[in-house]
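We will take the tour one stop at a time.

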Amino acid sequence: MTYLRRGAGRLTKRVTIQKRIANETNGADDPYYEDIKTVSASFEPLAGRELFAAQQVNSQVNSLVRIRFVDWLTAAHRLCYYDKRRAKYVHANIERVADDPRSSGTYLDLYVTEWVEAPAGANSA
């Protein structure tokens, strides 16, 4: 498992945890996401042995996110954060939630698949 340094000073990114809300208007399923809580997190792209191990469970996992422990977080939630390098908001679907065995219940490791939402009107060709 990847070793991320612990401590509040290492959780340098701000991410918003979002929950999917079904919005069934006129019989059409048009879901949206509601902000639940903003938390501090650390990000690490997976590579090598960690990437191989994570992809054995889910083939699209590409990052590890560590946050302080919350007991209600599941794979049904997603993360949203602003990436300064891309100058865009990035969404991350949570593929797997795992307790960090070394932190004795202090942190959660989230294996996520990141994606950038396409601008409105963009062709997907």
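By class, the residues lining the largest pocket are mainly charged: eight are charged, four nonpolar and one polar. This is a predicted model, so please treat every value on the tour as computed from it.

**Stop 1: the largest pocket**

Select Lys-13, Phe-43, Tyr-81, Tyr-82 and Asp-83 together. Of the 13 lining residues, these five lie nearest the centre of the pocket. The space they look onto has a volume of about 350 Å³.

Now colour three strands: β1 (13–21), β4 (32–45) and β6 (77–83). Each of them gives the pocket lining at least two residues.

**Stop 2: Asp-83**

Asp-83 belongs to strand β6 and is one of the residues nearest the centre of the largest pocket. Is Asp-83 buried or exposed? Its relative accessible area is 11%, and the cut-off for buried is under 20%, so Asp-83 counts as buried.

Next, bring back Lys-13 and draw a distance between the two C-alpha atoms. Asp-83 and Lys-13 are 70 residues apart in the sequence, and the C-alpha distance in space is 9.5 Å.

Then show Lys-88 and Val-90. Leaving aside residues up to four places away in sequence, Asp-83 touches both of these.

**Stop 3: strand β8**

Move on to residues 107–116, which form strand β8. Why is this strand described as largely enclosed by the rest of the structure? Eight of its 10 residues are buried, so the description follows from that count.

Show the strands that pair with β8. One is β5 (residues 63–68), which runs antiparallel to β8 and is joined to it by six bridges. To see a facing pair here, select Leu-64, which stands opposite Tyr-111 of β8.

Another is β7 (residues 88–99), also antiparallel to β8, with nine bridges between the two. For an example on this side, select His-91 and find its bridge partner in β8, Trp-115.

While the strands are on screen, remember a handy rule: in a regular strand, side chains alternate between the two faces of the sheet.

**Stop 4: Thr-113**

Stay in strand β8 and pick Thr-113, which is located there. With a relative accessible area of 11%, Thr-113 is buried.

Finally, show the side chain of Glu-95 as well. What joins the side chains of Thr-113 and Glu-95? Look for a polar contact of 3.1 Å between them.

How values were computed. Residues numbered from 1 in each chain as written. Predicted model: local features only at pLDDT ≥ 70, side-chain atom pairs only at ≥ 80, totals over all residues. Heavy atoms only, no water. 1 Å grid on protein atoms, 1.4 Å probe; cavity = no way out; pocket = protein on both sides within 12 Å on 5 of 7 lines; lining within 4 Å. Points joined across faces, edges and corners; volume = space filled by probe spheres on them. Helix = DSSP H or I, 4+ residues; strand = E, 2+ residues; numbered from the N terminus. Nonpolar A, V, L, I, M, F, W, Y, C, P; charged D, E, K, R; others polar. Buried < 20%, exposed > 50% of the residue type's maximum accessible area, 1.4 Å probe, protein only. Pairing = 2+ DSSP bridges. Contact = heavy atoms within 4.5 Å. Polar contact = N/O pair within 3.5 Å; in protein donor to acceptor, adjacent residues only side chain to side chain.
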